[in-house]
Amino acid sequence: MLPSDPDALVEAALGGDRRALARILTAVENRTPTAEAALRRLYPKAGTAHLVGITGPPGSGKSTLVSAIIATVREGGRAVAVVAVDPSSPITGGALLGDRVRMQSYAGDADVFIRSMAARGHAGGLAPTSTAAAAVLDACGFDLILLETVGTGQSEVEVAAAADTTVVLEAPEMGDEIQASKAGLLEVADIVVVNKGDRPGAGRTASQLRAMLVGSVRAGRVREEAKDDRPRPKEPEVLVTTATTGDGVPELVAALERHREGRPSGADDPARRARAAAQVWSILGDRLRAELEGGTRRIATAAVLDAVAEHALDPFAAADRLLASLRTTDG
Amino acid sequence: MTDVRAAPARPLKVLIAKPGLDGHDRGAKVLARGLRDEGFEVVYTGLRQTPDMVVTAALQEDVDVVGLSILSGAHMTLVPKVCRLLREQGMDDVLVVVGGIIPDDDVAALKEAGVAATFGPGTTIGEVAEFLRSNARPRG
């Protein structure tokens, strides 16, 4: 039996016990007290893995590509983990997590770990606890962590904040130049992959994407020369893969590596800094709310919310009043 | 990373796998979909899984239930092997259920091997869901 004590679970997971690791991930998903205790121990040990987001429309081949990436990376010996997210039903809360169907199980290879997660009502493409799950896997020694999003549309850009390197998949003939020019998902890509490269039109789709992305690259260079410090558009590489055969996958893995090496480390990396901030603000927000909705403040908080519902108080004044109520020591 | 202290009720997590070589996955797919509609989180692994693959998936996903769908007649070989591998991994608390064509004469032996229930043709999704809710032990 697994220990229920968080410290013992963490020790086992760090020692290579995959069941203990799986149980910690369950605790993280379910946001139990074990999860917080484990994450407090594991976070300082994380921070060395390469977090790669894989996103794109449903059916573009994300899971198949993830499987092909695992095969290529394992040839080099690095340990790989996957967090694959599928949507939860807004009606029943249930989910069908089908990403493993496209992935070989790598049964018997302890250096491959695949975990499915339901989005549980979260809308950004990942699950609310995906970043925390990645930190656990990172601490347990996985060098490459692939975060596979739900099938995305045009604006689920959350993965770009969660990952060091974001790969956006496109399928051939999914749209014209105007589609490639729209704001959103393509803009957050560090690497754009046209998958299903054996289909007619793959080369043309890649050329169109390159042609359209050149414009934003040029805009970025102009701003750089002008010392314009507004955020600059990225300069994504556009690659063609056929995940089912593995064609183009070694080139993709090499591109991932190049992107990883080109990044500043620690707090100098704006993406890492932003991710750290987002995590802390999110926890702080949850805790503020718990503080205000719990204990002796509960009734006073409810009265403020009622006043807003009755339009007797505006929401800004209400927020100010609630913040002020936290400063009183007798709360 | 949202606050892990805020704890909502969690759905049960079920692995639906088809070990062995028969290609009849209609039942497994219908059940996977049906349990989704019953509010379960269902991990579906697809066809032609070896017992090793099933147990690896169950372990990594930390599921509460393993549901095996077999129509090939190989259940007396495959099911006890899955149960034994689960036990070897210390996963005795995972509920194992089997669906498919299981002759009545084999049911006792399968239960002996560690199977909690077998579901034959005519079983409703609601019956399966009810059994899992009453018998699975949620974790984490």
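Predicted model: local features only at pLDDT ≥ 70, side-chain atom pairs only at ≥ 80, totals over all residues.
Trainee: In what sense do strand 3 of chain A and strand 2 of chain B pair?

Mentor: Strands of a sheet pair through backbone hydrogen bonds, either parallel or antiparallel. In this case strand 3 (residues 95–97) of chain A and strand 2 of chain B pair in the parallel sense, over 3 bridges, and within this pairing A:Leu97 stands opposite B:Val43.

Trainee: What is the strand order of the open sheet that holds these two strands?

Mentor: The order is 3(A)-2(B)-1(B)-3(B)-4(B)-5(B), which makes an open sheet of 6 strands with parallel pairing. Strand 3 of chain A and strand 5 (117–119) of chain B stand at the edges, each with a single partner strand, so one side of each has no neighbour in the sheet. On average, and with direction ignored, neighbouring strands of this sheet are turned by 25 degrees against each other. Inside chain B, strand 3 (residues 65–70) and strand 4 (residues 95–100) run parallel and are joined by 6 bridges, with B:Leu68 having B:Val98 as its bridge partner.

Trainee: Which strands does helix 1 of chain B touch as it packs on the sheet?

Mentor: Helix 1 of chain B touches strand 3 of chain A together with strand 1 (13–19), strand 2, strand 3 and strand 4 of chain B, and its direction makes about 175 degrees with that of strand 1 of chain B. Helix 3 (residues 75–88) of chain B also packs on the sheet, touching strand 1, strand 3 and strand 4 of chain B, with its direction at about 165 degrees to that of strand 4 of chain B.

Trainee: At what angle do helix 3 and helix 4 of chain B pack?

Mentor: Two packed helices are described by the angle between their axes and the distance between the axes. For helix 3 and helix 4 (residues 104–113) of chain B the angle is about 20 degrees and the axes are 9 Å apart, and these two helices are therefore roughly parallel to each other. Their crossing is right-handed. On the side of helix 3 of chain B, the residues that meet helix 4 of chain B include B:Val79 and B:Cys83, while B:Ala109 and B:Leu110 are among those from helix 4 of chain B.

Trainee: How are helix 2 and helix 5 of chain A packed?

Mentor: Helix 2 (residues 18–30) and helix 5 (residues 130–139) of chain A pack at an angle of about 160 degrees, with their axes 9 Å apart, which means that helix 2 of chain A is roughly antiparallel to helix 5 of chain A. In this contact A:Leu21, A:Ile24, A:Leu25 and A:Val28 of helix 2 meet A:Ala132, A:Ala133 and A:Val136 of helix 5, and by class there are 7 nonpolar, no polar and no charged residues.

Trainee: And at what angle do helix 4 and helix 9 of chain A pack?

Mentor: Helix 4 (residues 62–75) and helix 9 (residues 249–261) of chain A pack at about 75 degrees, with their axes 9 Å apart, so helix 4 of chain A is roughly perpendicular to helix 9 of chain A. The residues of this contact divide into 7 nonpolar, 1 polar and no charged.

Trainee: What is the strand order of the open sheet in chain A?

Mentor: The order is 4-2-5-1-6-7-8, with 7 strands and parallel pairing. Strand 4 (112–118) and strand 8 (237–240) of chain A stand at the edges, each with a single partner strand, so one side of each is left without a neighbour in the sheet. Helix 9 of chain A lies across strand 1, strand 6, strand 7 and strand 8 of chain A, running at about 160 degrees to strand 8 of chain A.

Terms used:
Residues numbered from 1 in each chain as written. Chains lettered and ligands numbered in written order. Pairing = 2+ DSSP bridges. Helix = DSSP H or I, 4+ residues; strand = E, 2+ residues; numbered from the N terminus. Axes fitted to C-alpha atoms, helices over the stretch in contact; angles between N-to-C directions. Parallel < 35°, antiparallel > 145°, perpendicular 65-115°, else oblique. Contact = placed C-beta atoms within 7 Å. Nonpolar A, V, L, I, M, F, W, Y, C, P; charged D, E, K, R; others polar. Left-handed = near helix turned anticlockwise from the far one by under 90°.
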